[in-house]
Amino acid sequence: MNQRIFIAAALILVFCGSALPQTGVKKKRPLPYEYGRVIIDNYSHKANLAPVVFEHWIHRSMFTCRVCHVDVGFGMKAGATGITAADNARGYYCGTCHNGTRVVDGKIVFQACSRKANMEEEKRCVRCHSYGQKATSDFDFFKFSEPLPKERFGNGLDWEKSEELGLIKPANFLEGVSTSKGNAFVVQKDFTLDPKVEGMPDIIFSHKKHTVWNGCELCHPDIFMGVKRGTVKFSMVDISLGKSCGACHTTVAFPLTDCQRCHSKPVQP
Amino acid sequence: MFFATKFMAKMITAVLFLGLVGLCSVRAMGALQSSAAQANPAQQTWRKEFNEVCSKTQAAMTFSQEELTDLILRCDALLPQIEKLDESQKKVYMGRLRMCRGLYAYVLDAKRNAKK
């Protein structure tokens, strides 16, 4: 009798054990104002500060990706840059703009990490070190997004069209930091990629669209290193893991759920 | 007499300690103020060359193999100068130089492959 109970218990354990890894954890879809948010906690906790909450939507409305990820030098993966308070105080990374003197959109950008540490300074820390804190922002996503053309996923906005309509004007040059204005890229023509799945529309890839905001060196060779077309095989699994297109299209740019924005070539009957 | 000598010894220790603290503070402030050193003309030579070399990335596709090779060599020549910079500057410019050089090498590779 005892032996039967033991075998039954063992079988239940084995079944449960094999079922668990398959269940996984369902990722919560971020809300429009959360999409692109990066929590930076390289050293914050060690310094008894809350982690930094970085909102991509605020910054991408003012600057192209290239300005921050090439000229200022922010990495493409959260935590990879290893920003320190000293870097910011010396005028690098966040401190490139957040230095209390640079003017963006007619406003002086508040200083990031400073060398002093009095009560008044500490209040300012919470403007960035706001994770889990009651902090008020100068920027309201809903007010900002109201006049902009809408899309279904990500931030729920069509950023490209917003720029076309002149509703946002992301700067592509930062005085004293950028090496060029980056507005005359010489690139390949648009080309199609075969998705290898029957019925799935071809992907139309536009170098022109991508270089406007990214430049060349943001993608090549770090993200896309194959020089001969067709030598690197892309898969949706890899992309969803953040490789190739997924470096931006799972984090900040419109997400993978918006299939037809890439698979956009009409299927021939 | 004994107490006077002991008092003097304590005073000397205190003065030495304060001096050490002062020296460390000055050094620390100096390190933080290195952004001001960016304006130093001697340090600007590398920056001028960096700007000149890396401002051409947008036209990388138009360069010949010889021009690309020359740009890569100029990037390589900048590396030892950037390695000497302070921690923050080094971190930023090493990354920027890597991206810039990487692109020229990538385009050169593509052009060589296209010729084959």
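This report describes how two chains are arranged and how they meet in the structure above.

The model is predicted, so local features are described only where pLDDT is at least 70 and side-chain atom pairs count only at pLDDT 80 or more, while totals for chains, interfaces and linings use all residues. Residues are numbered from 1 along each chain as its sequence is written, and chains are lettered from A, with ligands numbered from 1, in the order in which they are written.

**Chain B**

Chain B contains four helices and zero strands, and its order along the sequence is α-α-α-α; helices here are DSSP runs of H or I with at least four residues, strands are runs of E with at least two, and both are numbered from the N terminus. Of its 116 residues, 22% are buried, a residue being buried if 20 or more other C-beta atoms, placed from the backbone, lie within 10 Å of its own, exposed if 12 or fewer do, and partly exposed in between. Among the contacts in chain B between residues at least 6 apart in sequence, 71% join residues at least 24 apart, where two residues are in contact if their C-beta atoms, placed from the backbone, lie within 7 Å.

**Domains of chain A**

Chain A is divided into domain 1 (27–178) and domain 2 (185–269), with bounds that come from an automatic or database domain assignment. The C-alpha centres of these two domains of chain A lie 26 Å apart, and 13 residues of domain 1 are in contact with 12 residues of domain 2. On the domain 1 side of this contact, helix α3 (residues 65–72) of chain A supplies the largest share, four residues.

**Helices α3 and α9 of chain A**

In α3(A), eight of its eight residues are buried, among them A:Cys65, A:His69 and A:Val72. These buried residues pack against α2 (56–60), α5 (94–97) and α9 of chain A, and also against α4 of chain B. After α3(A) comes A:Gly73, with a positive phi near 100°. In helix α9 (residues 207–214) of chain A the buried residues are A:Thr211, A:Val212, A:Trp213 and A:Asn214, and they pack against α3 of chain A.

**The contact between the chains**

The contact takes 26 residues from chain B and 24 residues from chain A. On the chain B side, α2 (41–54) and α4 (87–115) are the elements that give two or more residues, and α4(B) gives the most, with 14 residues.

The table sets out the class make-up of two contact sides, with Ala, Val, Leu, Ile, Met, Phe, Trp, Tyr, Cys and Pro counted as nonpolar, Asp, Glu, Lys and Arg as charged, and the others, Gly among them, as polar.

| Side | Nonpolar | Polar | Charged |
|---|---|---|---|
| Chain B, touching chain A | 11 nonpolar residues | 12 polar residues | three charged residues |
| Domain 1 of chain A, touching domain 2 of chain A | five nonpolar residues | five polar residues | three charged residues |

**The nonpolar core**

The largest nonpolar core has 42 residues, and those with the most contacts inside it are B:Val53, B:Cys100, B:Leu103, B:Tyr104 and B:Val107; such a core is a set of buried Ala, Val, Leu, Ile, Met, Phe, Trp, Tyr and Cys residues joined through C-beta atoms within 7 Å. At least two residues of this core come from each of α3, α4 (85–89) and α9 of chain A and α2, α3 (65–83) and α4 of chain B, and α4(B) gives the most, with nine residues. Leaving aside neighbours within four places in sequence, B:Cys100 is in contact with A:Glu217, B:Val53, B:Cys54, B:Thr57 and B:Cys75.
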